[in-house]
Amino acid sequence: MEFIIITLIKLAVIAFVLLTALAYIQWVERKVIAHVQVRMGPSRVGPHGLLQPLADVVKLITKEGVMPPHANKFFYLAAPILAVFMALISISVIPFGTEFTVLGHRVMMQLTDLNVGVLFILAVSSMGVYGIALAGWASNNKYSLLGGLRSSAQMISYELPMSLALAAPLLIAGTLSLRGIVDSQAGYNLGFIPKWAIFTGPFPQIFSFIIFMIAAFAETNRIPFDLPEAENELVAGFHVEYSSMSFAAFFMAEYSNMVTVCSVATLLFLGGWHPLWPESMGSNFAAPLILAGAGAICLYHGLNPARPFDRFTLPAFAVIFFGLAGLMAFPPLVPVLTPLFWFLAKLSFLLFVFIWIRATLPRFRYDQLMSFAWKFLFPAALLNLLVTGFLVALVS
Amino acid sequence: MDFLFFFLFAFIAVACAVSVVVQKHPIASALSLVGVMASIAVLYLQLGAEFLAMAQIIVYAGAVMVLFIFVIMLLNAGAESRAGRSYAAQLMGPPLLVALMASLGFAIMRGFPGGGTVKFDSFQGGTAQNIGYALFTDYLLPFEVTSVLILVAILGAIVLARKEMD
């Protein structure tokens, strides 16, 4: 009974935070790309456009859902549900912090710790292809069909290097449970180099990290691999015919997949919630200092406002940041919040890289995409796995 | 609880299997097959074979069936039209099927009287580690022979495809 109640509470918290985060990642993306391109980005709804995601949600809910004629009704409606379901379900095995005790109950910062967690994520992501492929086929539109075909071909091709790149750190960790993998990366070499998979082991996993990230871009259909929705060739690819909430479902699925692959990269290669430098060198103070610094910058710009309304909004943000910094520095909460902070910091950095690359790189050509996957990425991942396996066997 | 889930997913597996045959559209049939694979994976999970369950989903429900659907979409296969069946087949088909199933069930019950039921939680050793040890120690030769067989199949597919291209 206690287990069910705790799980339900965790479920509610994780679902709420994840769905809100998905909406706000989109705000961050629009803002970052706008600033890269020397524009303002969303700025009308709320201070700094902060209420824009809310307005978008209202807009998408109230829009009319249009069903194209001669579409296969059942599969047309099932495809977005399948896509978003498969994208959201993989969050259930991702751990984002250590265990803690509240009111005498031990609580894991994770919904469930499967002993085949990595395989579960691979299985769910391989099922996610159906949503996109079916959406392209069921809309009865040649652009959608092309987008769906491209996306299934691309996702199958890039799943191979991605899985091979994932296998290499698993050899070092010796477990398939995501929590176990993070635990195996605790500690420091020479007192200050963290034992993350990309820095340590018989063979540092930096190559497999790079291969994994490249394949992750293709798996999530992001630029430079966004061939399935290439606007200037296919209008919008597999979701041309979708509107209203079913369009929002594909959008959510894409961002949720991004969060999943970034979490997996963080857990497998970047040591999960283990800090960048040891606690004895003051890694516990990083979180409050960074947040207090952000608060101070907000306060400074609030006192010297560039725009009239900054006088009111920026001090409010400063108060929020100072409050968070105080929470991070509050001694009883330090062991709970510091790991969470490090995990979220790494996750946000990887998400920022996704957005950064979207603002930087052009799109691949389709033949380049395929030959890159099969002739370069796949052999490279295989070689990396062989070398890692050989060295692990040699050491143990 | 175990039996509830077993019967739920066994029922889904059988219903999907029937749907594979009954559906008119090839995509619907292929997706029903995905349902069969996925519910079989859940049954593996109940037997304590976590690795096998996930491999079942990744390989069969994921990779193999996606290729099926890919080919069906590429060929743009439409819904099949139902060919007219003879009156005798329509009349005799269902009773004969039931009779066949009944005699098969009877033969199995007679042939293996001590089979008993599958006991959940008693089957151990389904983790990735167990399977890895088994594959690379006791079953090394069959494993390698199977991989050579698959390699031969791949080479055969390439040879056939090249002939077509010339």
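Start by selecting A:Phe100 and A:Val107: in E2(A), A:Val107 is the bridge partner of A:Phe100. Keep in mind as you click around that this is a predicted model.

Now widen the selection to residues 99-102 and 105-108 of chain A. These are strands E1 and E2, which run antiparallel and are joined by four bridges. Next, pick A:Leu103 in the turn. The hairpin of E1(A) and E2(A) has two residues between the strands, and A:Leu103 takes a positive phi near 55° there.

Next stop, A:Phe238. Look for this residue in the loop that links helix H8 (231-234) and helix H9 (244-268) of chain A. Is A:Phe238 buried or exposed? A:Phe238 counts as buried, because it has 33 C-beta neighbours inside 10 Å and the cut-off for buried is 20 or more. If you want a distance to draw, go from A:Phe238 to A:Lys63: their C-alpha atoms are separated by 20 Å, and the two residues sit 175 residues apart along the chain.

Then jump to A:Pro308, in the loop between helix H10 (286-303) and helix H11 (310-329) of chain A. With 7 other C-beta atoms within 10 Å, A:Pro308 is exposed, since exposed means 12 or fewer.

Definitions and conventions:
Residues are numbered from 1 along each chain as its sequence is written. Chains are lettered from A and ligands numbered from 1 in the order in which they are written. This is a predicted model: local features need pLDDT of at least 70, side-chain atom pairs count only at pLDDT 80 or more; totals for chains, interfaces and linings use all residues. Two strands pair if DSSP finds at least two bridges between them.
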